[in-house]
Amino acid sequence: MTVKLKPLSVKNKLASAPTTEPKYSVEVKNLAGETVKLGDPKVTRALVALMDQHAVIGGAAAHWGGPAAYAEMSSALHQIMFSSISNGKEWHENYNFVNDAGHAENGIYAVRANLGFDGLTFDDLRKFRSIESKLTGHGEAHLNPEGVFISNGPLGSGLPQAQGLAMGDKLSGSERATICVISDGACMEGEAKEAMAAIPGLAAKGKMNPFVMIISDNNTKLGGRISDDSFDMGLTFASLKDQGWNVINLEEGHDLQKVYHAIEDSIAKSKANANKPVALVIKTIKGYGVKSTEESASGGHGYPLGAYDDKLPGFISEIFQGEAPSYFLDWANEILASKPEKKSSSSSAPSDKVQTGVANALIKACEEGLPIFSVSADLQGSTGIKDFQKAFPNNFIDVGIAESNMVSAAVGLAKAGFIPVVDTFAQFGVTKGNLPLIMSQLSGGPVICLFSHSGFQDAADGASHQATTYFSAVSGIPNTVVISLSCKAEAESYMYQAVKRYEEAVKDGITPETTIFFFGREKHPISYTDSTDFTWGKAQVLREGTDGVVVTSGPLVQEALAAADELATKGKKITVINTPFINRFDTETVINQLKKNGGKLVTVEDHQVTGGAGSMLVHALKLAGAEFSVTSLGNHGHFGQSAYQAKELYKLHKMDSSAIVEVLK
């Protein structure tokens, strides 16, 4: 029996198309020869620069190169989508729009503010990436449903979701077309390539609504040129035709008139024949509009200016080719005029990133002759492995933006006798790399993992980049040890020990452990005590007291010690224990300290409380027969959001020093 599917009535919260003209516009002719007004791409670039400047002042990272490349495409596409309301339907009833180039989201905010979409103003852009704004680092549907239909961030995940939208529209009888904008870097991801094969295959069987994939092809990723660092993506794009796509190529990606016609033509062809989706491949220049970023190997991926860089007015003027409207120059000069006086550092303790210790240990082990080989997925500058790669340029490969492939390749290297080290952000390592991590032990090919920016440490990029389930995701994998690093000295010691333990296991004829290191993004003291004993598997008692035990790890060690200092001024002395070994707890040390502290335990972690380090510790303590009362601080079932710095999110979610003090005072 065939039953016609009737979908549930899901309310679409996207804002209506703006009804006013852009504040700053340019004109082009559409294919019908009519004059249309679009948001000026130069204004988009200027707004991106200024909003990024505010984010950098706040302490966050920001991105210029991608949105600068997308400016013409975004202006043309938004005019086409928003003008579709003339047939009596909302624009989102005619089009699904998905951005699968997460770092280009600020360019979308900018063009929409110019158009007045969702009431956005230029002043709203000043809070980009702040904890007060819904304009997050990557588009987040859970925080900004009026502007974002599909959340983006993890590259390559938007295209397969857009595929599902087109399937759903076909099933429901809608005439809507789906448009997905994706970067060439995102096209390296396995899930994107799966969708690239499935979309034309399913469309040919009549299972898809009209579909347009717009690829920004600028041969540039975060680390540099894709073809130089990894491999040429041209062969992938050339294969699209044989996979069943109607491929349209446009070489002049910054000629607004040609871009407008190409997008119009692509949409028309997809609607004329829904059985053959359209792939519009547009050549762009990352960082377009400023000579220095155009010529940069990374295309000025991140924002190229410092917080109060005197070059800002010149940067804006160059975008406008020397004719910048006074509004934007006034804004730039206002930023410079607000420059605060330099403050001397309040701390004399030396600090550094954890990443430095990781690289130092690997360099030392390699100099001793161990066959360490690094497999990266474009983030080596952020994870710290780049220093090792500079020291040993023949001991690494960059597989491109493809975390699953990275881990799987490392498994093969392990079977060939190398000690493979992989690196990426924690969120991508435990999601896209999870099944390969399981297979590493099933295949007897253990890997060493460097997963940085754990928890809320990737504050500015928002929820899609914040790994809040990273301990629970991997702690149950057999023969796998999970370590949460808190400082450079700890990282250097444990990484070196991990490599040596790997070597010894191979010599003994047993399968080494897969070792997964998690660590943050920000700087911390190089060491927390002068006499810390980094014995493998042991907890570290950093402060001793009698009024309660705080157990934590990673970036929150600093918060626990700050709480101990504050409580000391109130006459309370607490014990602070760093437990870096998340799934191999040193229960003996913790139990001994609980006996001295009246059995009062507080666990603190930058992680979901459900399935986190605290719950694993409590279980281990109970199995060991310990008696105690416990309070657990952490993330209680929430997604994150953008913030300039992680400490803002720690405060919001009550896992900072003040929350610890409140529990223990």
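Modeller: On a 1 Å grid over the protein atoms alone, a cavity is a set of points where a 1.4 Å probe fits but cannot get out, whereas a pocket is an open set with protein on both sides within 12 Å along at least five of seven lines, and lining residues have an atom within 4 Å of a point. Grid points are joined across faces, edges and corners, and a volume is the space filled by probe spheres set on the points. This is a predicted model, in which local features need pLDDT of at least 70 and side-chain atom pairs count only at pLDDT 80 or more, while totals for chains, interfaces and linings use all residues. Residues are numbered from 1 along each chain as its sequence is written, and side-chain values use heavy atoms, with hydrogens and water left out.

Biologist: How many cavities of 30 Å³ or more does the structure hold, and what is the volume of the largest cavity?

Modeller: The structure holds five cavities of 30 Å³ or more, and the largest cavity has a volume of about 130 Å³. Its lining is made of 16 residues, and those nearest the centre of the largest cavity are Phe97, Arg112, Gly147, Val148 and Phe149. Helices (H or I, at least four residues) and strands (E, at least two) are DSSP runs numbered from the N terminus, and H3, strand S3 (95-100) and helix H4 (105-115) each give at least two residues to this lining. The most comes from S3, with five residues.

Biologist: How does the lining of the largest cavity divide by class?

Modeller: Ala, Val, Leu, Ile, Met, Phe, Trp, Tyr, Cys and Pro count as nonpolar, Asp, Glu, Lys and Arg as charged, and the others, Gly among them, as polar. The lining of the largest cavity then has nine nonpolar, five polar and two charged residues.

Biologist: Which residues line the second largest cavity?

Modeller: The second largest cavity, with a volume of about 100 Å³, has a lining that includes Pro67, Tyr70, Met73, Phe97 and Val181. Helix H2 (65-82) gives the most to this lining, with six residues, and the lining of the second largest cavity holds eight nonpolar, four polar and no charged residues.

Biologist: How much space lies in the second largest pocket?

Modeller: The second largest pocket holds about 540 Å³ of space, and it is lined by 20 residues, with Leu8, Val10, Phe149, Asp169 and Arg176 the closest to its centre. Helix H3 (91-94) and helix H5 (158-172) are the elements that give two or more residues to this lining, and H5 has the largest share, five residues. By class, the lining of the second largest pocket has ten nonpolar, five polar and five charged residues.

Biologist: Let us turn to the helices. Which residues of helix H19 are buried?

Modeller: Buried means under 20% relative accessible area and exposed over 50%, with partly exposed in between (1.4 Å probe, protein chains only). In helix H19 (residues 434-442), the buried residues are Asn434, Pro436, Leu437, Ser440 and Gln441. Seen down the axis of H19, they fall within an arc of 165° (the arc of the directions from the helix axis to the C-beta atoms), so they line one face of the helix. The face of H19 turned away from that buried side carries the exposed residues Leu435 and Leu442. Contact means heavy atoms within 4.5 Å, and among the elements that the buried residues of H19 pack against are helix H17 (403-415) and strand S12 (448-452). Just after H19, Gly444 takes a positive phi of about 70°.

Biologist: What about helix H12: which of its residues are buried?

Modeller: In H12 (residues 312-319), Leu312, Pro313, Phe315, Ile316 and Ile319 are buried. These buried residues fall within an arc of 160° seen down the axis of H12, so they line one face of the helix, and what covers them includes helix H1 (41-58) and helix H13 (326-337).
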